[in-house]
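Please look over the sequence and the model shown here before reading the report. The notes are meant to be read alongside the 3D view.

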Amino acid sequence: FPFPYTPYRIQEQFMEALYGALEAGRVGIFESPTGTGKSLSLICGALSWLRDWEEKRRQEEARLLALGAGGQDGLTPQQARPGSADTAEQPDWVTAFVQKKEERDMVDRLKEEQIRRKKQEDRLEKIRHNVHLKYTAKRKRCEEDEAKRLLQLSKEALSQRAGESALDQLDHNEEELILAEYESDDEKKVVSGLEEDDDDLEEEHVTKIYYCSRTHSQLSQFVREVQKSPFGKDTRLVTLGSRQNLCVNEEVRRLGALQLINDRCMEMQKNKYEKSNEENEGKKRRLSRTVCPFYSYEQMQFLRDEVLVEVQDIEQLVSLGRETKACPYYGSRFAIPAAQLVVLPYQMLLHEPTRNAAGIKLKDQVVIIDEAHNLIDTITCIHSAEVSGSQLCCAHSQLSQYMERYRKRLKAKNMMYIKQILYLLEQFVAMLGGNVNQNPGCQAVSQTGTVLKSINDFLFQSQTDNINLFKVQRYCEKSLISRKLFGFVERYGGPVSAVKTKENQELAGLQNFLVTLQQGSDKKGTPQSTPLEAEHDQLRTASPLMQIEGFLSALTNANQDGRVILNRQGTVGQSSLKFLLLNPAVHFAKVVEECRAVIIAGGTMQPVADFREELLCCAGVDSARIVEFSCGHVIPPENILPIILCSGPSNQQLEFTYQTRDLPQMMDETGRILCNLCNVIPGGVVCFFPSYEYEKQVYGHWEKTGLLSRLAAKKKIFQEPKKANQVEQVLVEYAKCIKRCSQAGGQMTGALLLSVVGGKMSEGINFSDDLGRCVIMVGMPYPNIRSPELQEKMTWLDKTMPRAAGQAPSRVLVENLCMKAVNQSIGRAIRHQKDFASVLLLDHRYARPAIFNKLPQWIRERTQVKPAFGSAFAELRK
Ligand code: SF4
């Protein structure tokens, strides 16, 4: 395998296993601890396979073409006619004729493909060598076009202004707020600008690898690794992202929230289409519709070629878009067919409508899902939706006002759908025990608690089962109603000073009403939220209908594995409706079915059973198709010391169940262990508790008993903050303190961080080197099995899945959730080859085989079970 340096043995093993899995068309679960160069192994292993695969294909094509040119009957019937019907009943001469014809057709097709590929390669090659020249010429042309366009626009504006006042009392901006006539309920194809493209888009999809990861920064990091790898120069890579990441139209970008940006962009494209249609039909235009200047096909094609000749990450793509005046969001999509490696966020790959909209075709392709330890949760999350009572009431009020204002201008179909949406909102609020016409913040809910309902029961009980949700959802999507409503609220819900005209003054009442409602629905936000959060909150609540559309769409996607959770709390405003997906596998089934191979990779994939049973088997993957690979760490064995401790210094057995963990002797014993450890361990010690509440309780107890001050004499104590925006500051202080202590020497030897499993610090933060010389896990962080959501999931699993090794599937789920959280937390102490740390699991139950086997292999292999504290302490001292 080409590699930038001599790979470690485990990297070689990883690449070999990956190559084998791709070649054999498997579904692989790959685990490689952080710090072992997983990304590079993925890149070099997968791209080596792709290179060989393309080479084999080329040779095969050449062979077939040679045979075709020689007029030989060298093609087997399968090669000539894959999947052809049984021909046993046809006379021989017919079969021979058909076969001959198909052979010829195939050879012609191969020739065509070859010519097209050659043309494309030549074009890209030219661009590669001529980038600068082309840039200058292009930019000049763009500037000229832009000048012409502006001139035209200003002429239009002048001529319109002259004759328009009599035409309409509403000004241009407001005209755009009115829903266009909704023409048909049948799937009338709304042609977007995207579909105007020429046959370049029809080009053949080459075999490619789709690589997806969780966050934007992980994707950028991956692209940078590709750039540095031996494949960096000649791989056609395209990075996809959301409009929020890629839009270069400043006016649209400024809207901030993703949904607003999406809707505005779509609206402008619709405008573009309607505008060009009107122009074609020779209609006299009455208003100037806004279109996006970056959505120019020619410029986007240019951007596409630039993307294909040089690997670019999202930031580079955005600058390229600005420079070339082409939309990077669409330009990058144009590059998909010809790309070999497509880098994209989870949402785009795992959500089918988003995938289809982006033009991603998975048939016979390879998918690699990285950082996949939370894949099941992610799929569940992507397909779930929640709306609060205040959002429902706010949307109802905004929409009623909108309807009143434009009643005379709205066509019958629009009115019908708006009324249906209003009815749905009324009924949904009634399900929460409220009334849309009263302030949601003041309506107390009589029966509080959480209730789960099947979709059918929910629709039936809310008396909405007579409404065709599919049609309503399609209407929302096509009419862009939430965008219009947002514009309306923006216009009349803004500060009173914006009122200028006489007519608007009459609207002041409405405006004030909308402002009050917005403020009412904001109340739920925390009082101390930062200006940035407040702005975000405002954008989110500015268009509650957008959120509700998400909920409706979840209801229409539902199958019997979906539930609606009615969460009635305090007031109607605080209550909510949530769509919960019980079986995420249904949405993964298509991916594994269509793809040639799927690789699910991560630093900590244990317990693997979770992926095997809950995701892959439920998605219909045959167990023979699944391969597992787990590699060790690059650190020498002596650099990690994992210990399961069964009892403390005063021989108190360590078992932190819900019944025993609150006992004073358990909290005292935990404190004694920490005191002993802090005496001998240098630098940072990170101690994980199963929940915030328990951490608070233990902290309070130690404060009372004086243990906290004993600890504080050795290590400065930090607590995990509950707010995400304070995490950074705590971590900086923690790191500074450790550095100071190690430089100054003295009695204080470092810092102790009291953290929470699944809390703000349990993901994405590394405790490398001195930041974490010891990681302690207090008890076993089982999830709260009294939560109605988990209970429903457990019941569903027991009903649908077989028992595994004598254990009920619900039991396995709870254990897996617990161990997954443990593994995520402890895996972060070792981050590179020279790092070293000890890991202490405080609970004798970790030694049970079923639990023990769920530890990551590289930790498990080195774990010692210590029944007494003395021998464990001696090891740690060493
Ligand atoms: S076409 Fe591109 S640049 Fe224009 S608004 Fe849409 S995403 Fe933004």
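## Overall make-up

This is a predicted model, and the secondary structure of its protein chain comes to 35 helices and 18 strands. Of the 878 residues in the protein chain, 52% are buried. When contacts between residues at least 6 apart in sequence are considered, 80% of them join residues at least 24 apart.

## Helix 26 against helix 32

Two packed helices are described by the angle between their axes and the distance between the axes. Helix 26, which covers residues 609-617, and helix 32, which covers residues 809-826, have axes that come within 10 Å and cross at roughly 130°. An angle from 65 to 115 degrees would count as roughly perpendicular and one over 145 as roughly antiparallel, and helix 26 and helix 32 are therefore oblique to each other.

The crossing in which helix 26 passes helix 32 is left-handed. On the side of helix 26 the contact is made by Ala609, Asp610, Phe611 and Glu614, while helix 32 contributes Leu813, Asn816 and Lys820.

## Aromatic pairs

Across the whole structure, a search finds 21 aromatic pairs. One of them is formed by Trp49 and Trp53, whose rings are stacked, with 5.5 Å from centre to centre and 20° between the planes. Both tryptophans belong to helix 2 (residues 38-69), and because Trp49 and Trp53 are four residues apart there, about one helical turn separates them. Trp49 has a relative accessible area of 0% and is therefore buried, whereas Trp53, with a relative accessible area of 23%, is partly exposed.

Tyr329 and Tyr330 form an aromatic pair with ring centres 4.8 Å apart, and because their planes stand at 85° the pair is edge-to-face. Tyr329 is buried, with a relative accessible area of 8%, and Tyr330 is likewise buried, with a relative accessible area of 4%.

## An aromatic cluster

Which residues do ring pairs link into a cluster? The cluster consists of Phe14, Phe30 and Phe629, which are joined by ring pairs.

Notes: Residues are numbered from 1 along each chain as its sequence is written. This is a predicted model: local features need pLDDT of at least 70, side-chain atom pairs count only at pLDDT 80 or more; totals for chains, interfaces and linings use all residues. Side-chain values use heavy atoms; hydrogens and water are left out. Axes are lines fitted to C-alpha atoms, for helices over the stretch in contact, and angles run from 0 to 180 degrees between N-to-C directions. Helices (H or I, at least four residues) and strands (E, at least two) are DSSP runs, numbered from the N terminus. Angles under 35 degrees count as roughly parallel, over 145 as roughly antiparallel, 65 to 115 as roughly perpendicular and the rest as oblique. A crossing is left-handed if the near helix is turned anticlockwise from the far one by less than a right angle, and right-handed if clockwise. Contact means heavy atoms within 4.5 Å. Rings of Phe, Tyr and Trp (its six-membered ring) pair if their centres lie within 6.5 Å; planes under 30 degrees apart count as stacked, over 60 as edge-to-face and the rest as tilted. Buried means under 20% relative accessible area, exposed over 50%, partly exposed in between (1.4 Å probe, protein chains only).
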